[in-house]
Amino acid sequence: MGKKVDWQALSLQVTMLLLGTFLLAFTYYHINFQNGLAEGGFVGLALLGKYLFDLPPALSMIMLDIPVLIAAVFLKGRKFIANTLFASLAFSAFYELCERFSPFILNLQDNLPIAALLSGVFTGIGAGVVLRVGGATGGDDMLSLFISERSGLKIGTVFILMDALVLGISLIYLPFTETVFTILAVLIAGKTITWTVNCGKQDTAVLRVPYAIKEKTARA
């Protein structure tokens with residue numbers, strides 16, 4: 001007899017994934033994109049590949065994501081993959097909706113410290129919510145989870161290190177001022193992710209990632 005589905009828990013999980021990805025998409029478009037903040041993670045690597053080797057960013061993103069997705073099948077299981085695919089599609093859909101239909105213009109180019117603060121807080125909460133309920137929004141998120149599990153570093157710290165490394169290299173072609181404030185946003189986002197994932201847990205010192213392998217208990 002098949003395992004009974006907890007529809008209430010599933011509905012809550014889907015709702016949280018949608019809320020997290022909407023907040024991410026809204027922030028990336030209205031704050032990062034509209035104010036010229038740069039990109040870290042796999043997006044930043046794909047743009048770096050375009051600049052250095054004229055590689056198509058879309059193809060680069062796929063090539064970066066595929067090995068991480070394959071590893072995730074074995075390390076995290078089908079449920080995590082399903083949540084991640086759902087979150088990735090939801091993020092893309094929300095971003096497209098913001099780009100096409102949103103009437104909001106948040107011009108903070110003359111006040112980039114505020115843009116960095118808002119970007120860091122809102123992307124940190126959005127990504128943290130997705131991670132907390134057992135998903136990710138892309139290959140770089142999954143890679144951060146794997147590194148966090150194996151190294152014992154907090155998930156937010158891994159995000160900071162990965163994004164800061166990519167952004168540091170990207171200074172060879174990105175505007176200096178915008179990149180510096182993007183790094184500030186990344187630092188704030190990393191701390192916010194850790195707080196969001198661990199908020200309400202009994203022992204935040206040992207809770208690193210949303211779901212430990214082969215365990216039912218949620219961990220961050």
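Leaving aside its neighbours within four places in sequence, which residues is Gly 20 in contact with? Gly 126, Val 129 and Val 130, where contact means heavy atoms within 4.5 Å.

## Ground rules

This is a predicted model, so local features need pLDDT of at least 70 and side-chain atom pairs count only at pLDDT 80 or more, while totals for chains, interfaces and linings use all residues. Residues are numbered from 1 along each chain as its sequence is written, and side-chain values use heavy atoms, with hydrogens and water left out.

## Overall layout

The chain comes to eight helices and zero strands; here helices (H or I, at least four residues) and strands (E, at least two) are DSSP runs, numbered from the N terminus. Of its 220 residues, 42% count as buried, meaning under 20% relative accessible area with a 1.4 Å probe, protein chains only (exposed is over 50%, partly exposed in between). Take the contacts between residues at least 6 apart in sequence: 77% of them join residues at least 24 apart.

An unreviewed UniProt entry lists "transmembrane region" for residues 12-31, 51-75, 80-97, 112-134, 155-174 and 180-198; such annotations may be inferred rather than shown by experiment. In the model, residues 51-75 are 88% helix, with end C-alpha atoms 33 Å apart. Residues 155-174 are 80% helix, and their end C-alpha atoms lie 26 Å apart.

## Back to Gly 20

Gly 20 sits in helix H1 and counts as buried because its relative accessibility is 2%. Phe 122 is 102 residues away in sequence, yet its C-alpha lies 9.4 Å from that of Gly 20.

## H5 against H8

The axes of H5 (residues 112-132) and H8 (residues 176-198) come within 7 Å and cross at roughly 35°. Those axes are lines fitted to C-alpha atoms over the stretch in contact, with angles running from 0 to 180 degrees between N-to-C directions.

## Nonpolar cores

A nonpolar core is a set of buried Ala, Val, Leu, Ile, Met, Phe, Trp, Tyr and Cys residues joined through side-chain atoms within 4.5 Å. The largest one has 21 residues, and Ala 72, Phe 80, Leu 131, Met 142, Ile 155 and Ile 193 touch the most other members. H1, H3, H4, H5, H6, H7 and H8 each supply at least two residues, with H4 giving the largest share, five. A second, separate core of eight residues includes Ile 31, Leu 37, Leu 108 and Ala 116.

Setting aside neighbours within four places in sequence, Phe 80 is in contact with Ala 72, Gly 134, Gly 135, Ala 136, Met 142 and Leu 145.
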